[in-house]
Structures are given as structure tokens and as C-alpha cells.
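Try each task before you read its solution.

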Amino acid sequence: MSFQQVIGQMPEEVYKRLKTAVELGKWPDGQPLSEEQKATSLQAVMAWQAMHLTNPEHMNIGADGEIVMKSKSELKRQYRDEEEIVRIDLNH
């Protein structure tokens, strides 16, 4: 099985765990990632994002393998239509 096939079949839950491990530099049990594990996990996360995410986050890897960075105005447009959960006035 090729790397692309493995990534294509990787469940979203595994992707999320790898992404968190790369971000924190440690596994969920607290063990630190080795340099090889960091590199391999980051590669898997980027490949999964390129294959599966149709609406990239602020900065991500697009389907064409290029880095996608959304501008501030694009992010505002994206979140403008979402329902507001709570608004707190800190001046009181």
C-alpha cells in the first residue's frame, strides 16, 4: 500500500491526534515525539489536509500541494455568517 493510499484511508480521528501531537510535540500519553516521528507525522498531517479538506483553515496545504493562507478579510467573510454563541461587554 502506498503512502497516498494509507493517508486516503486514514480516519479523521487519527489525523486529529497526529495534528495535536505535532502541535504539542508529544503523544497523548505525554511521551515526546522523536525528530523522526515529528517529521513523519507532519508529513502525514499535511498530506491528509491536502486530500480531505475542501475548506482550508487559515493556513493549510491545499489539494494542489501549495500552502493556502487566507487573508483577514477572507476569514471575516467565512465566520460572518456563523451564529454568534455569546458576546460579553468587558466595559461594565
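Buried means under 20% relative accessible area, exposed over 50%, and partly exposed in between, using a 1.4 Å probe and protein chains only. The model is predicted, so local features need pLDDT of at least 70 and side-chain atom pairs count only at pLDDT 80 or more, while totals for chains, interfaces and linings use all residues. Residues are numbered from 1 along each chain as its sequence is written, and side-chain values use heavy atoms, with hydrogens and water left out.

**Exercise 1.** Find how many salt bridges the structure holds, and look at the pair formed by E13.

*Solution.* 
Step 1. The partner of E13 is R17, with 3.2 Å between the closest N and O atoms.
Step 2. Both residues sit in helix α2, four residues apart, or about one turn of the helix. (Helices are DSSP runs of H or I with at least four residues, numbered from the N terminus.)
Step 3. R17 is exposed at 52% relative accessibility, whereas E13, at 46%, is partly exposed.

**Exercise 2.** Work out where E12 and K16 lie relative to each other along helix α2 (residues 12-24).

*Solution.* 
Step 1. Their side chains form a salt bridge, 3.7 Å from N to O.
Step 2. Because E12 and K16 are four residues apart in the helix, about one helical turn separates them.
Step 3. E12 is partly exposed at 44%, and K16 is partly exposed at 43%.

**Exercise 3.** Compare the span of helix α3 (residues 35-52) with its expected value.

*Solution.* 
Step 1. The expected span is 1.5 Å times one less than the number of residues.
Step 2. For the 18 residues of α3 the expected value is 26 Å, and the helix reaches 26 Å from its first C-alpha to its last.
Step 3. The helix also holds a salt bridge between E35 and K38 (3.5 Å, N to O), three residues apart.
Step 4. E35 is exposed at 61%, while K38 is partly exposed at 32%.

**Exercise 4.** Is S41 buried or exposed, and which residues does S41 contact beyond its neighbours within four places in sequence?

*Solution.* 
Step 1. S41 lies in helix α3 and is buried, at 6% relative accessibility.
Step 2. Counting heavy atoms within 4.5 Å as contact, S41 touches L18, V22, W27 and L33 beyond those neighbours.
Step 3. Other buried residues of α3 include V45 and W48.

Definitions and conventions. Helix = DSSP H or I, 4+ residues; strand = E, 2+ residues; numbered from the N terminus. Salt bridge = Lys/Arg side-chain N within 4 Å of Asp/Glu carboxyl O.
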